Amino acid sequence: MAKTRTKYICQQCGGEHSKWMGKCPDCDAWNTLEEVVDIPQSPAQQRRQTLLGNANNGYNTHTPIILPHIKPLVQERIPVGYPEMDRVLGGGLVPGSLILVGGEPGIGKSTLLLQVSGTIAENTGPVLYISGEESMEQIKMRAERLDITGERLYLLAEVELDVIIEVVNRLRPAMVIVDSIQTVSAAHVTSAPGSISQVRECTVQLMQLAKSTQIPILIIGHVTKEGTVAGPKVLEHIVDAVLYLEGERYHSYRLLRGVKNRFGATHEIGIFEMHGEGLVEVTNPSAIFLSDRAVNASGSAVTVSMEGTRPLLVEVQALVTPSNFGNPRSTTNGIDHNRLVMLMAVLTKRVGLAVGGHDVYANVVGGFTIEEPSIDLGVAAAIASSYRERLIPADMVLIGEVGLSGELRAVSRLSLRVREAAKLGFKRCIIPRSGKPTRFPKELETANLPEDFQVITASTLGVALEIAL
Ligand code: TYD
Ligand code: MG
């Protein structure tokens, strides 16, 4: 059975409060609060409320409705003022949505959401920033550094969920930030703040709050590398959207990655750079990542990864050195280690490069992690380039997935990738040859490439390396 809890209802205005007070803060009447024992809703009831969405649409969960009779949801969205983040959200905040912004401590979550609070407060309406992490003065200091005046930005240092819900209902802001979900606790759950049951219960209640008030609520959740703190992972299936802020703490770039979105496409990324005055959008990331490339060094290859709908040119670096102790090591940064081991095996067996007895280091420049197999060819070429001490031409881009028999496999959205490379001044591109040998793959016909841009197709890794090196 659900646990009961006590709440106090004002007999004059009906306001609900978690604590007894002499005066009702809602209507200023004295001695009107009365204790009521509240039986929380069962999980099914809570879920139902979420499913029904907006309460006044007249639907209920007992009567099935045929599809054409369901009114389409009119989704006016609230732009957050940063196109990089709006794109990840699918075009802005959807009213009544609950969004989780996760990331490691110190990565910049509070900074990002305080900046967003500043723009929403300026352009849309009042914002309530609830912090259980820092004092009001600390937030004020940060806001000053970020140049946020915040005429309509309300701060609340509070950790008790009931109080938070009450304040949101009273203030009715345009957006709410909860920093962080690990500090909030619901009075009727006995376990400590940050525990799985607390975090889950608080999130479920905030979801109901968002749905019943149609206010978008953004919650911050800390994740540690080891995943020891209960948090974001548990919540992903409850909330409407999950964004992760990633990046190496010692690199200034920050990636905002959408991993779940009930209102838009996932796998979109937004790129920011952490400056002294906060997070600044990076609108042309490929150009920046390539800007300090050492053109005359072996072991460097440029490839294109698709991040959501956006192609991103990245430099892959590899260093291959003879192993000193007969116990070769391989280390990666930003690339899946298993993938590297697989590529080394393919290079050894199918291309005849004996990289096996060597230490191999490979990394993606800029501090990002790329999971797409389309960078395989770039990684393999960087390794081969370092091993053979030969340069890959500085104006060449390599795109393709490598299979176990050394074949190059087609990748998605080829024309977008190649066009991005051409846009940044690259002149040549090696891509997988699919099917019969053709000079120019069909999907590139519409890519509008410059006259002098050369597209080279290769069916195997060996052939591609012969052309590149
Ligand atoms: P913060 O937003 O507090 O991280 P999180 O909420 O994810 O724990 O950001 C912390 C780091 O960002 C901190 O190390 C300092 C740095 N920072 C800047 O470099 N510039 C700035 O303008 C701000 C506000 C923070
Ligand atoms: Mg913080």
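Mentor: Helices (H or I, at least four residues) and strands (E, at least two) are DSSP runs, numbered from the N terminus. By that naming, Asp147 sits in the loop between α4 and β6 (153–157). This is a predicted model: local features need pLDDT of at least 70, side-chain atom pairs count only at pLDDT 80 or more, and totals for chains, interfaces and linings use all residues. Residues are numbered from 1 along each chain as its sequence is written, with chains lettered from A and ligands numbered from 1 in the order in which they are written.

Trainee: Why does Asp147 count as exposed?
Mentor: The rule counts other C-beta atoms (placed from the backbone) within 10 Å of a residue's own: 20 or more is buried, 12 or fewer exposed, in between partly exposed. Asp147 has 10 such neighbours, so it counts as exposed. Its phi is near 65 degrees, a positive value in a residue other than glycine.

Trainee: And what makes Arg413 partly exposed?
Mentor: Arg413 has 16 C-beta neighbours inside 10 Å, so it falls in the partly exposed class. Arg413 lies in the loop between β19 (408–409) and α11 (414–423), and it too has a positive phi, of about 50 degrees, without being a glycine. Most residues other than glycine have a negative phi.

Trainee: Why are α5 and α6 called roughly parallel?
Mentor: Helix α5 (residues 161–171) and helix α6 (residues 196–213) pack at about 10 degrees, with axes 11 Å apart. Angles under 35 degrees count as roughly parallel, over 145 as roughly antiparallel, 65 to 115 as roughly perpendicular and the rest as oblique. So α5 is roughly parallel to α6.

Trainee: Which residues of α5 and α6 meet?
Mentor: Contact means C-beta atoms, placed from the backbone, within 7 Å. Leu161, Ile165, Val168 and Asn169 of α5 meet Cys202, Gln205, Leu209 and Thr213 of α6.

Trainee: How do you know that the span of helix α10 agrees with its residue count?
Mentor: The expected span is 1.5 Å times one less than the number of residues. For the 13 residues of α10 (residues 376–388) that gives 18 Å, and the end C-alpha atoms are 18 Å apart, so the two agree.

Trainee: What makes α10 mostly covered?
Mentor: Twelve of its 13 residues are buried, among them Leu377, Val379 and Ile383. Just after α10, Glu389 takes a positive phi of about 55 degrees.

Notes: Axes are lines fitted to C-alpha atoms, for helices over the stretch in contact, and angles run from 0 to 180 degrees between N-to-C directions. Two residues are in contact if their C-beta atoms, placed from the backbone, lie within 7 Å.
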